[in-house]
Number of protein chains: 2
Amino acid sequence: MTQLELGESGAAAAETKLGRRRDHTRDPEILAAAIEVLAETGFDGMTIDMVATRAKAGKATLYRRWPSKNELVIDAVACMKMGDLDVAHLPDTGTLRGDLVAMIKPRSIQEAEKKMQIMAGLMSMLSTAPELADAANNAIAKPRATANRFLMQRAIDRGEISPQCDIETLALVTPSMAAYRTLIERKPVDRDFLISLIDGVLLPALGLVGGDPAQRGKVQPPAS
Amino acid sequence: MTQLELGESGAAAAETKLGRRRDHTRDPEILAAAIEVLAETGFDGMTIDMVATRAKAGKATLYRRWPSKNELVIDAVACMKMGDLDVAHLPDTGTLRGDLVAMIKPRSIQEAEKKMQIMAGLMSMLSTAPELADAANNAIAKPRATANRFLMQRAIDRGEISPQCDIETLALVTPSMAAYRTLIERKPVDRDFLISLIDGVLLPALGLVGGDPAQRGKVQPPAS
DNA sequence: TCTATACGATACTGTGGAGTTCCGGATCTC
DNA sequence: GAGATCCGGAACTCCACAGTATCGTATAGA
């Protein structure tokens with residue numbers, strides 16, 4: 001956003017006046033390189049030279065576009081658009097469990113893990129750059145929770161689960177626990193893990209059976 | 001552990017031979033100072049001078065004990081013992097909900113938030129120092145999950161909840177979601193949030209009612 | 001074709017922090 | 001009290017990286 005504003009409004013007039021305009025066609029490559037390096041080394045380990053080299057650009061070129069390393073990173077995170085989690089592309093299998101399981105794809109797992117790497121790399125910067133915290137939250141964290149919320153709301157609408165359910169909180173279960181597992185436990189977020197979340201936490205909490213239907217009815221009433 | 005071994009076995013003999021031995025009485029203060037600075041500035045923002053100044057020690061003194069900044073931090077995290085989550089001190093109210101709610105104390109919330117600050121500060125280092133990742137996980141993450149698991153197992157033993165429940169996964173719900181909320185969403189982990197986890201996720205998933213008993217029975221059978 | 005400008009590459013500067021060395025004074029042991 | 005050693009403090013070296021300046025080249029526009 002930052003550089004888009006500059007590129008499209010302020011600078012453009014001056015650029016067309018004389019000679020050729022600044023070549024913005026390579027900006028996406030630079031931003032992508034920044035994201036890659038960020039994911040691999042973290043914000044503090046990342047150097048401008050690394051990004052420039054990876055993007056096959058000169059360091060000066062980067063500084064012609066972004067005033068500092070911080071601005072570059074903020075822009076890179078804000079412009080980061082990964083695979084679609086748009087409402088239009090979400091699965092619709094007819095049952096909530098079907099939908100949730102259908103969202104487990106190797107591609108989306110891999111993407112989520114990369115997002116988490118990026119988030120880990122940003123961690124040290126988040127407390128001192130609130131704008132970055134927002135950008136990271138919007139690009140990395142929110143989309144999955146939004147998708148979950150949508151699927152659950154649809155399940156409520158068709159009467160599969162009770163409208164009393166706390167879907168606000170439940171929509172955060174998968175992203176939270178996947179983040180915890182990746183960032184802190186350092187274990188892989190594989191299919192088994194996600195299935196155990198669905199069948200061991202989400203569906204039971206929503207009043208649906210988990211994995212083993214045999215456990216239905218075995219639950220005792222609460223000691224009141 | 002590292003410095004304890006050195007202090008008690010190898011170096012001790014040499015130290016007693018001549019003059020007085022190295023004064024290890026101030027090590028805890030130094031480690032505590034390191035933890036404080038770590039929580040405030042993160043690993044990369046932390047300097048040895050900051051730690052030395054805060055501990056009212058000389059920088060050279062720190063290097064006499066730990067060979068590098070990394071070792072110091074690893075030791076500080078490993079030796080970090082905060083308020084007790086020992087099994088012996090856990091609440092026992094007779095019901096699982098009572099126990100879980102009894103664990104919500106301003107003191108423990110505050111402590112958990114500090115732990116998360118530390119974890120955030122360590123994040124950038126975790127991928128390059130596996131030993132640190134283990135130390136951090138043991139000191140920061142595991143204790144709360146262990147406590148939750150103990151409370152749930154006790155609830156199983158007294159027949160309050162089904163033994164089929166996936167308590168392994170469910171024990172991680174609170175720490176995971178609290179971590180996500182602190183580190184990524186940057187919202188406070190307050191009592192309301194924890195209560196909504198207990199009543200909106202944990203208890204329903206365990207087959208107990210959540211907050212509002214009126215919703216019992218409204219749940220439809222699963223679409224099979 | 002000519003000119004102006006942006007480009008990539010590279011050399012340079014300045015700063016900040018890791019790790020080292022040295023010193024005067026305090027403290028323990030004998 | 002004497003001797004040895006460790007302490008806190010401060011000055012020092014060394015290096016990595018942010019940010020700047022320069023240069024030869026490539027290319028778009030006139």
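**Helix contacts in chain A**

Val173(A), Thr174(A), Met177(A), Ala178(A) and Arg181(A) of H10(A) meet Phe193(A), Leu194(A), Leu197(A), Val201(A) and Leu202(A) of H11(A), where contact means heavy atoms within 4.5 Å. The model is predicted: local features need pLDDT of at least 70, side-chain atom pairs count only at pLDDT 80 or more, and totals for chains, interfaces and linings use all residues. Residues are numbered from 1 along each chain as its sequence is written, and side-chain values use heavy atoms, with hydrogens and water left out.

**Exercise 1.** Describe the packing of H10(A) and H11(A).

Step 1. Helix H10 (residues 173–185) of chain A packs against helix H11 (residues 191–205) of chain A at an angle of about 135°, with the axes 11 Å apart.

Step 2. H10(A) is therefore oblique to H11(A).

Step 3. The crossing of H10(A) past H11(A) is right-handed.

**Exercise 2.** Describe the packing of H7(A) and H8(A).

Step 1. Helix H7 (residues 106–126) of chain A and helix H8 (residues 130–157) of chain A have axes 10 Å apart and an angle of about 160°.

Step 2. H7(A) is therefore roughly antiparallel to H8(A) (angles over 145 degrees).

Step 3. H7(A) and H8(A) cross in a left-handed manner.

Step 4. Among the residues that meet are Leu122(A) in H7(A) and Leu132(A), Ala136(A) and Ala139(A) in H8(A).

**Exercise 3.** With which residues is Val77(A) in contact, leaving aside its neighbours within four places in sequence?

Step 1. The partners of Val77(A) are Ile35(A), Leu38(A), Leu122(A), Leu132(A), Ala135(A), Ala136(A) and Ala139(A).

Technical notes. Chains are lettered from A and ligands numbered from 1 in the order in which they are written. Axes are lines fitted to C-alpha atoms, for helices over the stretch in contact, and angles run from 0 to 180 degrees between N-to-C directions. Helices (H or I, at least four residues) and strands (E, at least two) are DSSP runs, numbered from the N terminus. Angles under 35 degrees count as roughly parallel, over 145 as roughly antiparallel, 65 to 115 as roughly perpendicular and the rest as oblique. A crossing is left-handed if the near helix is turned anticlockwise from the far one by less than a right angle, and right-handed if clockwise.
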